[in-house]
Amino acid sequence: MMGIKELVKPVGILFWLSGNLCFTAPVSAQDQSRDIESIKLKISFGHTAPAQTARTVQLISASPGLTVAVPTGKGIEKNDRVAATSLLYCGAGDVDELIADIHWPRPVAPLRKVAKHESSYAVNGEAMWGYLMQEGSPGQGARLREDPWKQPDAPILTVQLNAAGTQGFSVGLEQLLRHGAMWLPEQDVYITLAGKPIGFKQHLASLKGQRILDGVRNAPDASLEQFKKSWEDFGNPIVWNKPWETSWMGTKGHLTVTTATHGSVYKFAVDRWGNVRPDFASPHKFRMDLLWEGSQWKGQKIVDGLPVLITNLEKNKQLCEIEQLAAAPGDLPAGLRGELPGVMFTKVRISGKAGPISFGLRLNNELKEHGIAVKKNKNNWTVADQQTGDTWLILETGNGLSVKIAPPAQDKNGQQVVLTVEAELPEGATREFLVKLPSPAVAPADAARLNALDFATAKKSTVSYWENWISQGAHFRVPEAAVNDLFRANLWHALILPRHTLDSLGRPHMDLPYANTAYGQKNADWPVNQSVYVDYMIYGLRGYEKVAEDEMAAMFQSQQQPDGRIAGFANWGVYSPAHLYTIAQNFLLSRNREEFERLLPNSLKTLDWCLARIDSANRGAGSTGLILGPLNDLTHAEREWAFTQAYFAGGLELFGEALSAYRHPRAEEVLRAAAKMKSDVVKEFARSSVKSPIVQLADGTWINYVPTDAMTPRRMLDEWYPSDVDCGPLHLSRLGVIDPESWLTTAMLHDHEDNLFLSNLGAANEPIYVQQATAYLLRDEPKAAIRAFYSLMACGFSHEQLTPLEHRWAWGQYYGPPSTDGAWFELYRKMLLNEFGLDTLLIGQAIPRAWLEKGKQVEVKNAPTYFGPVSFTMEGLTAENKLNAVVELSARNLPKELLIRFRHPLNKPITAVMVNGQPWKDYDVKKEYIRITKPVGGKYVISAKY
């Protein structure tokens, strides 16, 4: 017999060992000298399949030096063939087994390390991954720690189930040795050790636990209260005091940002105690602190979903209510944009136990070489710039209040002054005072105007201003106050973000930062967050198409490079196709040809850049058709990242549909390129999943792993968590590149819910990335979508202030990104009305059952859809045990099919349906929807009897 050294060849070569044909991967001289380990593996097929099917099976080495003998068979019939590539007819009670000897050199390569991030909140310097493995559910940590990703030369066996390599899975053999058996229900495959076999039924009986999604299917709809108990409120400083809370000018943690008007550069950030700061980019700097020594924080909330903030404190049975809002100093002049000034009004009311009051107010001018002067005029106190006379602050006190002034003191960046309001509080009385904080400081000539402003008028003006904005768009109202408030807050969260200015040439310019108190503030450093998650998911879906167009045009101006590429921080691979995706979505929603035409020249330049990248990806030997590029802020390697492929294939497909609707001559070219790329992406990620070691789920079963990079078939804990999860492969399903019903999507959803979402709570570290929810809707799994909706709402927003955040845990926590609002609203909107492709409109797909209880109502007015504006009202259960809906369709672009789902509050089946007063037979009891094919424009009255 020839020696092993003489027989080793490149990948895929066959050689003889102990009389059996074997497959091996290349083996080095060093590998040959290492200890050889071996197992006899038994793999069986057809345990649960209801019908007999043909299974092609090939056992292939996926590790250097690993050898696989040609298997023998057990339970084999005449029509089965056992060979290097076996053909088995199994299922319907026929279980076929293959037994194979496998040998590999003992792994000795240095272990890969979990992505490091040295900071006060990192666990062992391992940041998010370390925190997840330590603080997540017990099973999560154990499963992630034992995954073979960290061992570069781990023995991996691939079980390939078709010739193309797009069906099958891979097994970490050291995991198999530890567990003794593995059951893969989705593959209907059971693996155990032939030398120490565990029977299939015995193994099933030993499995404990439950997959998260199995529990969701068997449970009632999730609720907001359920997730508020699971996610601590980061808007509450008593329960949330984490080392990863960010700081700004002496404040720590949660900030609520507001401004007087859309686009103003003068913004205010209020912390949980009512202290006020400018945002990161305001040209006017200051610090205003409210000082009630020894007081306890009792709460903070916004009023009616508007930027009116109330903070409650308590001290010695005295209660303090602080009401704050930003208002314009009078009527808004025409022509001004970002230069519009604002005034932060702070109304302080103290009531409760009779006794003395002492409440301080500290102002730091943050202006070196400028002193502070304090002047009294009757009951008003003015804090002014000693050099210029500009007014920094006005304190208005009423009768019975006195003010003590500490001499101005030097501070690091200027001067500070403390004003202390003192009074005696009679029993049953209230003492109040008002602080006006202008931004910028007010010149002496305008001081009288500032003095004349009163709180009641300012509040009325502020409420009216934001109510007017809200009234201009789509209307959504449901029987859950917190949802209605967040819907309203979403809009002003987005509108306060931009700064409208003029550039050096006098042209309109817009800065669109990620958030007003996070990162860089110039231009649009993260264009995908702004375009997709704000300009489409908020403005496009709510009917503010002109605001969206202006912002998209501004990003073309600031971010588009001469070659057409959309640039931004770290030059994420998604930036350019995501821009096209947004423009396409908004045109399909509005069909506004004029706006589309204005954006089209720049769009076509970006399109040409994207098509050139796709063309390049299809050139050369071994080309896959997938785009190489960087992924995100900290993952810069040019790889075949799923996130990038999702926007290239899905974004270009949607842009092609928009061009087709516009009747542009390049539509077919774009659609062909997108279709070719979709096919390539599905093929390559299927192949990579087949090569990736399977992962264990919470119920002890195993499933395919779908990698975030098609070139790296394994988990990537050596990259930071967002690369594997937040910006991970589920975007392929979210954007329709991978079929949401496919085995790939099924595997991703189970792995994320059981292993990757902290404590199995259904949310990624950055709550904006809620791509699993869209996949659930595309799979028509309303319970799972509702669960994601409420988890996002409880973890991505403070519970009372409703302020959004970026990172939830174990990373610098920034506040106020409206992209988180956009992710929430898109999900909310699709739960209520959702397009399936360009032909079907589904109303009520995932309305929580509790919203249709007796006396309740769901109402949507003028919601943009691919089929024109849609309105509907869905009434809760009537005394006659009916659910009723009135749907109004536009005649602009009618769907081919209209579906109306009634989710009965007690999950009862439909027994009869009426449509426009006539009996209707086209309904699905199991799926709970009524189907109207080829609907016409106008009103439909639908009633379901139970």
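## Terms and model

Buried means under 20% relative accessible area, exposed means over 50%, and partly exposed lies in between (1.4 Å probe, protein chains only). This is a predicted model: local features need pLDDT of at least 70, side-chain atom pairs count only at pLDDT 80 or more, and totals for chains, interfaces and linings use all residues. Residues are numbered from 1 along each chain as its sequence is written, and side-chain values use heavy atoms, with hydrogens and water left out.

Side chains of opposite charge can pair when their charged atoms come close. A salt bridge here is a side-chain nitrogen of Lys or Arg within 4 Å of a carboxyl oxygen of Asp or Glu. The whole structure holds 50 salt bridges.

One of them joins Lys 678 to Glu 653, at 3.3 Å from N to O. This pair links distant parts of the chain: Lys 678 sits in helix H17 (residues 667-691) and Glu 653 in helix H16, 25 residues apart. Helices (H or I, at least four residues) and strands (E, at least two) are DSSP runs, numbered from the N terminus. Lys 678 counts as buried, at 19% relative accessibility. Glu 653 counts as partly exposed, at 27%.

Salt bridges that share partners join Glu 321, Glu 323, Lys 347, Arg 349, Glu 432 and Lys 459 into one network. Arg 349 pairs with Glu 323, their closest N and O atoms 3.1 Å apart. Arg 349 belongs to strand E22 (residues 342-352) and Glu 323 to strand E21 (residues 318-327), 26 residues apart.

Glu 323 also bridges to Lys 459, with the closest N and O atoms 2.6 Å apart. Lys 459 lies in helix H10 (residues 455-471), 136 residues from Glu 323. Is Glu 323 buried or exposed? Glu 323 counts as buried because its relative accessibility is 4%. Arg 349 is partly exposed at 21%, and Lys 459 is partly exposed at 29%.

## The largest pocket

A pocket is an open set of points on a 1 Å grid over the protein atoms alone, where a 1.4 Å probe fits, with protein on both sides within 12 Å along at least five of seven lines; lining residues have an atom within 4 Å of a point. The largest pocket holds about 580 Å³ of space.

Its lining has 26 residues; Leu 654, Leu 735, Gly 736, Gly 837 and Tyr 866 lie nearest the centre. Helix H16 gives the largest share of the lining, four residues.

Terms used:
Grid points are joined across faces, edges and corners, and a volume is the space filled by probe spheres set on the points.
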